[in-house]
Amino acid sequence: MHAPRSSRSCWRSDKPRQPHGNDTNNSTNKNSKRSNRTAVHRARVAPTGVLVIAFLCLLSMSCQEVSAQCTTTCEAGEKCVGSDCAECDPGTFQDANDHMQTTCKTCMNAYQPNSGQAGCIEFASCGRGKKFVTGTTTTPSTCANCDAGTYQDQSGHFDPDCKPCTGNTFTDQPGQQGCSAWSSCNQGQKWAAGSADADATCSSCTPGTYQNEFSHQHTSCKGCGAGTFQSGHGASGCDDWKTCGKGKKWATGTSTTDATCSPCGSFHYQSKSSHKDTSCTSWSTCGPGYEVTVEPTASNDRLCAMCDYGHYQDGTNQQDCKPCDPGQHQDERGQIECKACGAGKYQKSSGQKDCIAYSTCDRGERWVSGTKTKDSSCRSCDIGKYQNFLNHQRTSCKTCPDGKYQLNTGRGSCPDCTTCEDGFEEVLPCTPTSDRTCEDNDPPTIVLRRPDNNAVITNTYTVEAGLPFDPPIFTATDTAAGTVTKTPPPNLGDIDTSTVRSDQMLTYKATDANMNTATRTITVVVVDTTGPAITFDPAVLQLEAGEEVMRSNFTVGVSIVDRVDGTLGIDLLEYDASDVNVNTLGMYEVVYTLSAPDSNDNEAPPTTRTAAVVDTLPPVITIGFGDRNVSEHNVVIHEAATEFILPSQSAFDTFDTAVNGGDVRRNEEPTFNSVVDDDTQFTFTYTATDASDNTAMVVYVIEVRDTMAPTITISGEHNITHEAGTEYVDAGATATDLLEDAIGRGVEVVVANNVLSKPPSVPAVFTVEYDACDKAGNCDAINRTVHVLDRTAPSIELIGDALLVVEAGSNFSDIDPGVTLADLYYDNADLTLVIDDGGYEAAPTATPVSFNVTYTVTDPSRNTASVTRTITIIDTTPPDLRVNGNLSVTVGDGVTWVEPGIARAYDIVDRDVRSRVVATTQLEEAGVVVPTMCAYSSARAFVPPLSPRVWSSPRMDAVESRAPSGTVYRINYTVADAASNVAFVERVVRVADPTPPSLQLLGDRVQALEYGPDAAFVEADGGAPTPTTAT
């Protein structure tokens, strides 16, 4: 059975549908597939497939209806439109696959901004401090901050409204998770209540008031007490009135102004430095005999002092006492005049206490009297006179007696005159003013002697030419005592002995102590009697054996010198060397003479010189080092710790032909060893000796050098990683060296370890350098690379217990003990600490309640660690209960009692609890009515006294302001929170009658009475005055 193809379209392709996206290419492919699918459907003729489709349609009663609307199947996110599929619009979705639905589903409590989607996105919930703002089917929901005055403490909610702040709490910022209690005020402030969106306010206390309490809610400030003031705003206390200092007088202040200080008036002072004196003191007066030591000022009195010795004062209030004039004195204090000096005394200075006695004179002086103002004086005795008294006042000196004299002034005695000795005669006689004079008239005696034989020289002094001049020995003597002065000839240093001559004269002079002079003149005769001298240097002439000799061999070292002619020419030299044989070793004599005399015909005597024929030339040594380098100083370099090969050696001698290489001897100093320190030198000395014991020596220095560097081997890897913040301990390295190992001391590896456990940043790369140098300075270096990484999380530990119980109302920041942080690499300042308070509420709605606080620390390398603390909030604090008005109140005298009411009853958990306050009034003491009576009046006799009575109807549970004076009430206010914490305040109300009674007279205040024994006073109305009193 075949179904008509035009009326049935439930056929579907056997080819599976391919998934598609939202891009243009996929859409194009999808449309292309649909076209292909339709084409295949139209071209397909297979009856079997048609029969199957027709059968399926018969099984479904709705196939005819669906086929009328949709002729194809669609994917999720699509709707069927005729024979095609269209994407669902934004805000709608389709979650069925292989469907034939012609509409998409609308998003409910969700949204979808894109087309062609298989589902919608749920609206996001809001967190604490936010309110939910719903979205549309195409736009997401949003979360807006709670307004000021409201809060939201729930997370993951969809509440469009925030909760209002109540019970003396507020929040003035949007987006808050809870409300804060109204603030309290500090010192210097008074308190004013706030609102739901504003905190309570604090205003400064005005001048004259203060507030010294911390964290209070008092609406008024306290007044300054007596003797104190406060001129500023916001004060925490009042200052005492200041005191005044020197030169000031004091005046009281007020509650807002300080006490004042004003200057003392003229001729008054105040010396106290801290006082409250309201007046100053008058200055003192200094009278005659006194001086002013300190002038008066506003801060000190005039000070007077008694005039001192030597002074006086005849005036009043004078600054200085007057000094006594010269010739006067004053030996008493406080005087008004001075005294004149007495006889034998004087005073040259002013202001002196006493006069001075005239001075006395010493030996050699005579006394001259003084005056009232001048001391006596002493004059020296004249020449020829003396004075031998001490401390005297004699006005004249004594004349020297016979046989004595005095040449000086001011002497205490006269010495004896001189007596002439033998050889002297008197020239002037002895007088009181001069000594006797004696004179000597004989000159001294001069004697000259030869220095070579001490012979006396008469007139001629003969000397040898060519020799240095040796002057005569000069002596002079005198018969009289005293020193004889000798004067040698002035030309003594000019005598010439280089030539034969006799024209030089020497004159000697001698003078005694009395200036008697003697002279002596001689002639110097220079003669030449010595021939030339032949000398040898060296004395022994050495001739080398086997060598040919010439004249020059015999004239070497010969000198010919004449004292007068000087050095003569070598050509005058003659010698006889006929016995000398240079081929035979031995000692020979050579005789030297001159061929001519000197200029004065003096012949040179024959002179013999010894000639020695000797063999002095050593053998010649040759040392061969092969291709090794030998320096010009015979230094051979050898590498340390390597094998050394000895050089070859040979020798020969020009006179002793028997010498050969076998005669060469080698000496090593020290014994050679190649395993020694760098630059160690060994001296190889090679010697060979001929038959004449001439020894040849050749020295070579073998210098051991270490030029090979050590070899370094690193322990471990060359490239390693290391954890930042931990100490880096290097594995090190070893080194080997040819010489150092052979010696046995090894080579030290120096490690330049610059690895920082805490580099400025990580990762960081460091290089560890290993250097090894042997003792010779040969070095090798190698490096290791160290990568420093931070892979360890910070450590975090709770401060205090993990379980913490706190009082309600405690701010998290105040009770949180916090945590301690540490990181191997980073400083704590570099770590990031995030605290999740778990929704902590300082003032929860109910207690006890617990919160889990999580502390998470992250270092800059993103290593993280966490720790958790549980905080449980309990309520043990009673509510804050305050009443309006004072706690001690006095009423009465017409003042009616009105209950001020409750100012504040607030609990940190229950909030406003004013409705729970219970007030009870108790009568503590009932007053007594005191009668009013007149006093000081004769009317007393006409008024009967009032008897005391107890108040007839006292109220026990309420305050009656008209109760008798002395009545006392106690009002107790109590309030309890939900946790049964109770607050209590008591107010005392006292009834008093502080106003005196009023008295009114009837009639005139002045009454006239008739004088007489029967007269009596009668009140105007025949009775006593009427007293009134307040009840």
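A disulfide here is a pair of cysteine sulfur atoms within 2.5 Å, and a search of the whole structure finds 22 of them. The model is predicted, so local features need pLDDT of at least 70 and side-chain atom pairs count only at pLDDT 80 or more, while totals for chains, interfaces and linings use all residues. Residues are numbered from 1 along each chain as its sequence is written, and side-chain values use heavy atoms, with hydrogens and water left out.

**Disulfides**

- Cysteine 70 and cysteine 80 are joined by a disulfide, with 1.9 Å from S to S. The torsion about their S-S bond is about 95°, so this link is right-handed.
- Cysteine 70 sits in the loop between α3 (63-69) and β1 (78-81) and cysteine 80 in strand β1, so the pair ties together parts that are ten residues apart in sequence. Helices (H or I, at least four residues) and strands (E, at least two) are DSSP runs, numbered from the N terminus.
- Cysteine 70 has a relative accessibility of 1% and counts as buried; cysteine 80 is buried as well, at 2%. Buried means under 20% relative accessible area, exposed over 50%, and partly exposed in between (1.4 Å probe, protein chains only).
- A disulfide also joins cysteine 74 to cysteine 85, again with S to S at 1.9 Å. The torsion here is -95°, and the link is left-handed.
- Cysteine 74 lies in the loop between α3 and β1, and cysteine 85 in strand β2 (residues 84-87), eleven residues apart. Both ends are buried: cysteine 74 has a relative accessible area of 0%, and cysteine 85 has 6%.
- Cysteine 324 lies in the loop between β26 (322-323) and β27 (328-329), and cysteine 338 in the loop between β27 and β28 (339-340), 14 residues apart. Cysteine 324 is buried at 0%, and cysteine 338 counts as buried at 18%.

**A four-stranded sheet**

- Four strands make an open sheet in the order β38-β42-β41-β40, with mixed pairing. Two strands pair if DSSP finds at least two bridges between them.
- The edges are β38 (460-464) and β40 (485-487), each of which pairs on one side only. From one strand to the next, the twist averages 25°, where axes are lines fitted to C-alpha atoms (for helices over the stretch in contact) and angles run from 0 to 180 degrees between N-to-C directions.
- Strands β41 (residues 501-511) and β42 (residues 517-527) pair in the antiparallel sense over nine bridges. Glutamine 504 has valine 524 in β42 as its bridge partner.

**Two buried polar residues**

- Glutamine 94 lies in the loop between β3 (92-93) and β4 (105-106), and is buried at 3% relative accessibility.
- A polar atom of the glutamine 94 side chain lies 3.2 Å from the backbone nitrogen of alanine 96. A polar contact is a pair of N or O atoms within 3.5 Å; within protein, one must be able to donate a hydrogen and the other to accept it, and residues adjacent in sequence count only if both atoms are side-chain atoms.
- Not counting residues up to four places away in sequence, glutamine 94 touches several residues, including Cys88, His99 and Cys104. Contact means heavy atoms within 4.5 Å.
- Asparagine 778 is found in the loop between β60 (764-773) and β61 (779-789), and is buried at 15%.
- The backbone oxygen of aspartate 706 lies 2.5 Å from a polar side-chain atom of asparagine 778. Leaving aside neighbours within four places in sequence, the contacts of asparagine 778 include Asp706, Met708 and Cys773.
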